[in-house]
Amino acid sequence: MSDVIAETVAAISDMRIRGAGRIARAGATALKEYSEMHAKCNPKEFKDDIIRAKDAILASRPTAVSLWNGVNSSIRGLDKTTTFEEARDLVVTNAAYFVKMSSEAVGTIAKIGAKRIKDGDIIMTHCNSSAAIGAIKEARAQGKDIRVYATESRPWRQGILTVNDLSKAGVDTTLIIDSAVRTVMRKTDKVFVGADTIASNGALINKVGTSQLALCAHEARVSFNVCAETYKFSPLTLFGDTVTIEEREIDEVVKSGEIPADVKVFNPVFDTTPPGYIDAIITELGIMSPGSVYDVLVRQLGEDIFN
Ligand code: RI2
């Protein structure tokens with residue numbers, strides 16, 4: 001495996017690069033750089049190398065379909081190319097387009113999402129989603145006086161990144177432990193979270209604990225908003241695949257020797273929120289209900305759906 005692919009795979013696996021949008025852009029960028037530095041060879045050899053690289057990147061983290069969409073859109077049309085140069089240029093162009101499009105989508109979601117946040121709102125967020133945080137920061141930049149409760153998000157504690165980011169943006173921010181979600185929901189007006197994957201039925205797969213926010217929001221009649229670029233919609237689920245929920249190492253939860261050796265630790269990284277608990281999915285194409293995800297997927301796939 002080339003250095004650029006191996007380094008990207010390692011960085012995504014050990015979460016030096018994390019966040020569903022970021023890992024997708026990192027995967028696409030790695031394919032672009034690998035193509036640019038690939039020595040001239042016969043096209044078949046180049047395509048085989050790219051497919052191997054794509055598969056290695058996809059194996060780095062299994063849940064976020066953004067990664068799948070990022071690398072697969074980077075190689076779209078590769079099988080139809082006939083020369084090395086044509087194949088290389090296709091990957092470089094496709095990957096660059098994905099990176100640009102996905103970054104712009106986060107900016108568009110911030111603008112649309114901010115309109116859903118009113119002056120005086122108290123918002124709860126979970127983990128560290130650049131899409132959700134973008135909307136909150138945009139609302140603050142527009143001068144809205146808002147307060148945010150951010151969950152710690154054990155075991156990686158991505159909430160620490162969130163509160164640092166929001167505080168720097170001048171947002172009145174309070175860190176809460178994950179088990180305080182239901183208690184604090186009573187004081188909350190709106191929940192804003194991100195997405196790793198949205199299934200064709202509108203179900204949300206996001207950081208473990210998200211479904212608890214959704215249940216508590218439902219109970220307290222607090223609106224539950226998902227900020228998600230449409231490349232987080234999963235074409236795989238349209239054709240019956242289920243989403244693999246990543247499980248990570250025990251040492252992310254407990255230190256060695258802290259618990260008896262016969263005690264097992266279960267460390268799922270994501271959970272599923274049923275569509276009925278979601279009020280709005282805020283995308284770069286506009287705000288939609290979970291029931292619209294199927295139509296967007298079909299439109300995105302276009303003619304490919306029949307292949
Ligand atoms: P953006 C993260 O996963 C969180 O689950 C977050 O909600 C989601 O990706 C989306 O993040 P992890 O990589 O793409 O921390 O909105 O496991 O930044």
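These legends describe close-up views of a predicted model. Local features need pLDDT of at least 70, side-chain atom pairs count only at pLDDT 80 or more, and totals for chains, interfaces and linings use all residues. Residues are numbered from 1 along each chain as its sequence is written, and side-chain values use heavy atoms, with hydrogens and water left out.

**View 1. The ligand sits in the largest cavity.** A cavity is a set of points, on a 1 Å grid over the protein atoms alone, where a 1.4 Å probe fits but cannot get out. A molecule sits in one if more than half of its atoms lie within 2 Å of its grid points. Helices (H or I, at least four residues) and strands (E, at least two) are DSSP runs, numbered from the N terminus. The ligand has 18 residues around it, and R18, S130, D196, N206 and K207 come nearest. Such a residue has a heavy atom within 4 Å of the molecule.

View 2. The ligand taken alone exposes 450 Å², and the protein buries 100% of that. Accessible areas come from the Shrake-Rupley method with a 1.4 Å probe; for residues, only the protein chains shown count as cover.

**View 3. C127 and C227 form no disulfide.** A disulfide is a pair of cysteine sulfur atoms within 2.5 Å. The whole structure holds 0 of them. The cysteine sulfur nearest to C127 is that of C227, 14 Å away. That is too far for a bond. C127 counts as buried, at 6% relative accessibility. C227 is buried too, at 0%. Buried means under 20% relative accessible area, exposed over 50%, and partly exposed in between (1.4 Å probe, protein chains only).

**View 4. S153 reaches the backbone of C127.** The side chain of S153 lies 2.8 Å from the backbone nitrogen of C127. S153 belongs to the loop between β2 and α7. S153 is buried, at 1% relative accessibility.

**View 5. The peptide bond from R154 to P155 is cis.** Its omega is near 0 degrees. P155 lies in the loop between β2 (147–151) and α7 (159–168). Most peptide bonds are trans.

**View 6. M15 and R221 have positive phi.** Most residues other than glycine have a negative phi. M15 has a phi of about 65 degrees. M15 is in the loop between α1 (3–13) and α2. With 6% relative accessibility, M15 is buried. Phi of R221 is near 55 degrees. R221 is in the loop between α9 (210–220) and β7 (223–227). R221 is exposed, at 80% relative accessibility.

**View 7. D49 and R52 are joined through their side chains.** The polar contact between them spans 2.6 Å. A polar contact is a pair of N or O atoms within 3.5 Å; within protein, one must be able to donate a hydrogen and the other to accept it, and residues adjacent in sequence count only if both atoms are side-chain atoms. D49 lies in helix α3 (residues 43–58). D49 is buried, with a relative accessible area of 16%.

Methods
On a 1 Å grid over the protein atoms alone, a cavity is a set of points where a 1.4 Å probe fits but cannot get out, and a pocket is an open set with protein on both sides within 12 Å along at least five of seven lines; lining residues have an atom within 4 Å of a point.
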